[in-house]
Amino acid sequence: VEFPETEASPSPPDLLKRFVPTPFRADLQMGSTRVVVKTNDPAIPGLLRGFKARSRVRPLRRFRWKLVRDGDVRAPASRPILLRNGPVVVLSMGPACLIGVDYEKNELFAFLGCFARGDTFTASILPLLRELTEKQPDARKQKWKTASRHAQIAGRND
Amino acid sequence: MRILAFESRDLPLRRQFFFVAGATCAVSTNSRSVIDSLSQWRCPQRPFERFFALNVLMDPSAARTRGATPHFRGLHHLVFAAFGERELFVFDLLRRSVNGVVSRETAEDGLFWKNLLLPIALGVLGPTIGLVPVHAACLDRNGRGLMITGPSGAGKSTLAVALSQCGFSLVSDDWTYIAQERGQVTAYGISAPVKLLADAPRLFPELSRFQPARSLNGEMAFEVDPARVFGSPVRSESTPSWLVFLERTAQAGCQILPRSRKGTRTFFENSAERLPDQLAEAAARRSEAIAALAKQECWLLRYGGPPQVAAEAISGFCERM
């Protein structure tokens with residue numbers, strides 16, 4: 001009796017980009033929140049230097065950011081939409097920018113397309129990330145005005 | 001910026017239950033059209049423990065982006081699926097929920113829900129609710145399931161259609177959802193259309209009156225209702241008894257050989273999507289289900305030539321076993 005074996009398929013491709021290595025790191029202080037940033041983009045820690053953590057400040061809250069530079073996405077940002085359900089808030093500008101925040105787990109994830117580099121990152125995306133981080137999960141619609149303004153600016157930078 | 005909240009007052013149609021491929025989906029929405037689009041899976045009450053919530057806001061100001069292919073990204077327990085600029089779904093694998101915003105046109109488009117959103121939702125959330133998506137066709141004869149798997153392009157769908165024309169009922173042609181229940185493995189399909197590549201009319205003349213179109217993965221393919229086009233009997237579930245691995249050969253003919261269970265298990269494990277560390281429990285449950293599936297009799301089918309010949313051979317083989 002033969003027991004032939006078909007080649008086991010190799011691991012499937014990481015279509016969601018869940019496992020992109022994020023070797024670059026920054027430690028930030030934003031108000032009373034300490035943020036540990038991990039990213040695959042070596043330029044991002046430099047763009048965050050204005051928020052570098054100082055050891056003397058005792059944080060009230062800790063947050064983790066994972067920022068993935070999505071080099072495949074060259075599309076411009078589209079008009080932003082923000083979805084809010086309980087502790088999860090998602091801000092989308094189409095495939096060019098997807099940001100998810102889980103306030104129960106104090107985590108922020110972002111996929112940033114090519115448009116969100118350099119000045120666009122500093123002027124529009126970073127304030128957005130900051131506000132999303134400092135928000136409380138029960139924030140109501142009227143409290144998102146600042147985020148809304150920054151998102152609109154980012155969305156116009158196409 | 002458009003701000004959309006998924007609160008009770010925003011979703012007046014609350015917790016409507018649907019039973020899809022072995023899972024219960026509780027839909028809350030502001031759109032009667034969404035409920036109507038899902039009506040073929042409607043069930044009067046919550047029947048099962050494999051459960052996820054689907055919250056859908058129809059945004060009257062949103063427009064569908066023509067020709068947009070879905071854009072998927074995910075980190076940890078959150079997975080995003082953007083359909084163009086204004087339509088978005090967020091899958092929360094820890095809370096077993098899907099939140100989405102759609103245009104009126106998408107809300108009314110039954111094919112969007114049947115062919116895209118529900119298969120995607122089950123594929124993404126499945127492992128977290130105890131439903132394991134495996135890349136295999138499934139057929140049924142007298143309550144016994146025949147699962148056919150193999151590398152992409154091996155011809156699972158063409159063989160599945162050929163088998164459905166010689167005494168088998170079709171459960172699924174591409175993705176099958178496996179659950180462990182009552183001490184046995186059950187395989188579910190989603191009544192999705194069968195997908196056959198652009199050259200399939202030479203094997204199935206019934207397709208000659210259709211035009212292929214670009215499918216989700218960019219291939220030109222026919223995606224057709226098997227009952228309507230081929231007269232295939234269709235079932236929603238089966239109990240797997242045989243697992244068959246396809247291996248195409250250039251030489252015409254058909255050979256069926258035993259295959260080890262260990263190799264089968266490894267194949268399915270390696271084919272499954274990698275899950276992040278945050279979902280270790282779901283990954284463990286998935287491994288258990290795969291191990292249970294791999295306890296069935298496993299065979300290797302080497303064949304060349306038309307799928308109808310292989311289907312006849314398998315049919316005879318299953319009768320004898």
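## Basis

In this predicted model, local features need pLDDT of at least 70 and side-chain atom pairs count only at pLDDT 80 or more, while totals for chains, interfaces and linings use all residues. Residues are numbered from 1 along each chain as its sequence is written, chains are lettered from A and ligands numbered from 1 in the order in which they are written, and side-chain values use heavy atoms, with hydrogens and water left out.

## Nonpolar cores

A nonpolar core is a set of buried Ala, Val, Leu, Ile, Met, Phe, Trp, Tyr and Cys residues joined through side-chain atoms within 4.5 Å; buried means under 20% relative accessible area, exposed over 50%, and partly exposed in between (1.4 Å probe, protein chains only). The largest core has 43 residues, and those with the most contacts inside it are Leu38(B), Phe52(B), Leu54(B), Phe89(B), Phe91(B), Trp113(B) and Leu122(B). Helix α3 (residues 110-129) of chain B gives the largest share of this core, ten residues. Helices (H or I, at least four residues) and strands (E, at least two) are DSSP runs, numbered from the N terminus.

Leaving aside neighbours within four places in sequence, Leu122(B) is in contact (heavy atoms within 4.5 Å) with residues including Val20(B), Phe52(B), Tyr177(B) and Ile190(B). A second, separate core of 37 residues includes Val35(A), Leu82(A), Leu91(A) and Ile125(A).

## Strands of chain B

Strand β5 (residues 71-75) of chain B has four of its five residues buried, so it is largely enclosed by the rest of the structure. Five bridges join β5(B) to the antiparallel strand β6 (residues 78-83) of chain B; two strands pair if DSSP finds at least two bridges between them. Leu75(B) has Leu78(B) as its bridge partner in β6(B). The hairpin of β5(B) and β6(B) has two residues between the strands, and His76(B) takes a positive phi near 50° there.

An open sheet of three strands in chain B has the order β14-β16-β15, with antiparallel pairing. β14 (194-197) and β15 (213-214) of chain B stand at the edges with a single partner strand each, so one side of each is left without a neighbour in the sheet. Two bridges join β15(B) to strand β16 (residues 220-224) of chain B, where Met220(B) is the bridge partner of Arg214(B).

## Helix contact

Helix α6 (residues 261-271) and helix α7 (residues 280-293) of chain B pack at an angle of about 145°, with their axes 9 Å apart. Axes are lines fitted to C-alpha atoms, for helices over the stretch in contact, and angles run from 0 to 180 degrees between N-to-C directions. The contact is made by Arg265(B), Phe268(B) and Glu269(B) of α6(B) and by Ser287(B), Ile290(B), Ala291(B) and Leu293(B) of α7(B).
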